[in-house]
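Q: I have a model open and want to go through its packing. Can we take it piece by piece?

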Amino acid sequence: MRAAIAQDILSIHADDVPAYKKGGSVVRNSYFWALKSISCHARRDRPWEFDAPVWVALGRMLMAFTEAGYLSSAETCLEFPYDTPIPPELRLVATWVEES
């Protein structure tokens, strides 16, 4: 999931956040609601935002869904541009990527 940090707000690209689908997979819908519940802003077609106090919870949640094996790493790993320092709270669930 493409991510960025500005002024202690983590943003996840709108195209990369999970989608809720009525009648869809229980795991994917649970993932959607879990992420939405700790976000400070989660609007359709806009980046989802997470403030710094929830980064520990976000990291734990992403790790739990990763370890469960129902979602791909592309859906649970935060991808930051090379010039962005990754906060310690998110290092286990984040990586750097080249901008294309």
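**Helices, strands and rings**

A: In this predicted model, the axes of helix H1 (residues 26-38) and helix H2 (residues 55-68) come within 10 Å and cross at roughly 175 degrees.

Q: Trp55 next. Where is its place, and is it buried or exposed?
A: Trp55 belongs to helix H2. Its relative accessibility is 4%, so Trp55 counts as buried.

Q: What is Trp55 in contact with, leaving aside neighbours within four places in sequence?
A: Ile5, Asp8, Ile9, Leu10, Phe50, Pro87, Glu89 and Leu90.

Q: Switching to strands. In what sense do S1 and S2 pair?
A: Strand S1 (residues 3-6) pairs with S2 in the antiparallel sense, over four bridges. Ile5 stands opposite Leu10 in S2. The two strands form a hairpin with two residues between them, and Gln7 in the turn has a positive phi of about 50 degrees.

Q: What about S2 and S3?
A: S2 and strand S3 (residues 48-51) also pair in the antiparallel sense over four bridges. The bridge partner of Ser11 in S3 is Glu49.

Q: Which residues of S2 are on the covered face, and which on the uncovered one?
A: In S2 (residues 9-12), Leu10 and Ile12 make up the covered face, Ile9 and Ser11 the uncovered one. In a regular strand, side chains alternate between the two faces of the sheet.

Q: Now the rings. How many aromatic pairs?
A: The count comes to five aromatic pairs. One of them, Tyr20 with Phe32, is tilted, at 5.7 Å centre to centre and 45 degrees between the planes. This pair links distant parts of the chain, twelve residues apart: Tyr20 is in the loop between S2 and H1, Phe32 in helix H1.

Q: How accessible are Tyr20 and Phe32?
A: Tyr20 is partly exposed, with a relative accessible area of 42%. Phe32 counts as buried at 10% relative accessibility.

Q: Which residues do ring pairs link into a cluster?
A: Tyr20, Phe32, Trp33 and Trp48.

Technical notes:
Residues are numbered from 1 along each chain as its sequence is written. This is a predicted model: local features need pLDDT of at least 70, side-chain atom pairs count only at pLDDT 80 or more; totals for chains, interfaces and linings use all residues. Side-chain values use heavy atoms; hydrogens and water are left out. Axes are lines fitted to C-alpha atoms, for helices over the stretch in contact, and angles run from 0 to 180 degrees between N-to-C directions. Buried means under 20% relative accessible area, exposed over 50%, partly exposed in between (1.4 Å probe, protein chains only). Contact means heavy atoms within 4.5 Å. Two strands pair if DSSP finds at least two bridges between them. Rings of Phe, Tyr and Trp (its six-membered ring) pair if their centres lie within 6.5 Å; planes under 30 degrees apart count as stacked, over 60 as edge-to-face and the rest as tilted.
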